[in-house]
Amino acid sequence: ICVYNTKNMDQKSEDFYKRLKEELINSTVWPSEYLFKFILPASPENVTFIKNSFANKNAQIVESTSKTGKFSSLSVKLRMESAQSVIDKYKELSVIEGIVSL
């Protein structure tokens, strides 16, 4: 699964999220643990934005930085209530310029 940042939710993006939601519904019993993975340009603001998005939710967050220091990788494991809650989180974080969600 790869979700690319889109400033404007065009039809292609909406179709992607619709397919992802169907896959999540068909492959997972909800509520369930879900592993979000993000790669983004390294900056304290970007990392803080993601961490704050998962604050107070008992999320397990693992952060690493690329060898060059240009990119940060965050893995976030969290119990999610539904496929729609996963989609909503991806959309919420898509505002970060250059984020790639896996």
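Residues are numbered from 1 along each chain as its sequence is written, and side-chain values use heavy atoms, with hydrogens and water left out. Because the model is predicted, local features need pLDDT of at least 70 and side-chain atom pairs count only at pLDDT 80 or more, whereas totals for chains, interfaces and linings use all residues.

## Overall fold

The chain contains 3 helices and 5 strands, where helices (H or I, at least four residues) and strands (E, at least two) are DSSP runs numbered from the N terminus. In sequence order these elements give the pattern β-α-β-α-β-β-α-β. The radius of gyration of the chain is 14 Å, close to the 13 Å of the globule rule for 102 residues, so the chain is as compact as a globular protein of that length; this radius is taken over C-alpha atoms, and the rule is 2.2 Å times the number of residues to the power 0.38. The C-alpha trace spans about 40 × 30 × 20 Å along its principal axes.

Of the 102 residues in the chain, 34% are buried, with buried meaning under 20% relative accessible area, exposed over 50%, and partly exposed in between (1.4 Å probe, protein chains only). Among contacts in the chain with a separation of 6 or more, 71% join residues 24 or more positions apart, a contact being heavy atoms within 4.5 Å.

## Helix 1 and helix 3

Two packed helices are described by the angle between their axes and the distance between the axes. The axes of helix 1 (residues 11-27) and helix 3 (residues 83-93) come within 9 Å and cross at roughly 145 degrees; such axes are lines fitted to C-alpha atoms, for helices over the stretch in contact, with angles running from 0 to 180 degrees between N-to-C directions. On the helix 1 side, Glu14, Tyr17, Leu20, Lys21, Leu24 and Ile25 meet Ala83, Gln84, Val86, Ile87, Tyr90 and Lys91 of helix 3. The residues of this contact divide into 8 nonpolar, 1 polar and 3 charged, where Ala, Val, Leu, Ile, Met, Phe, Trp, Tyr, Cys and Pro count as nonpolar, Asp, Glu, Lys and Arg as charged, and the others, Gly among them, as polar.

## Individual residues

Met80 belongs to strand 4 (residues 71-80). Leaving aside neighbours within four places in sequence, Met80 is in contact with Trp30, Pro31, Ser32, Tyr34, Phe36, Ser85, Val86 and Lys89. Phe16, by comparison, is found in helix 1.

| Residue | State | Relative accessible area |
|---|---|---|
| Phe16 | partly exposed | 23% |
| Met80 | buried | 6% |
| Asn56 | exposed | 83% |
| Asn58 | exposed | 76% |

Most residues other than glycine have a negative phi, and most peptide bonds are trans. Phi of Asn56 is near 60 degrees, a positive value in a residue other than glycine, and Asn56 lies in the loop between helix 2 (44-53) and strand 3 (60-65). Phi of Asn58 is likewise near 60 degrees, and Asn58 is found in the loop between helix 2 and strand 3. The peptide bond from Trp30 to Pro31 is cis, with omega near 0 degrees, and Pro31 sits in the loop between helix 1 and strand 2 (32-41).
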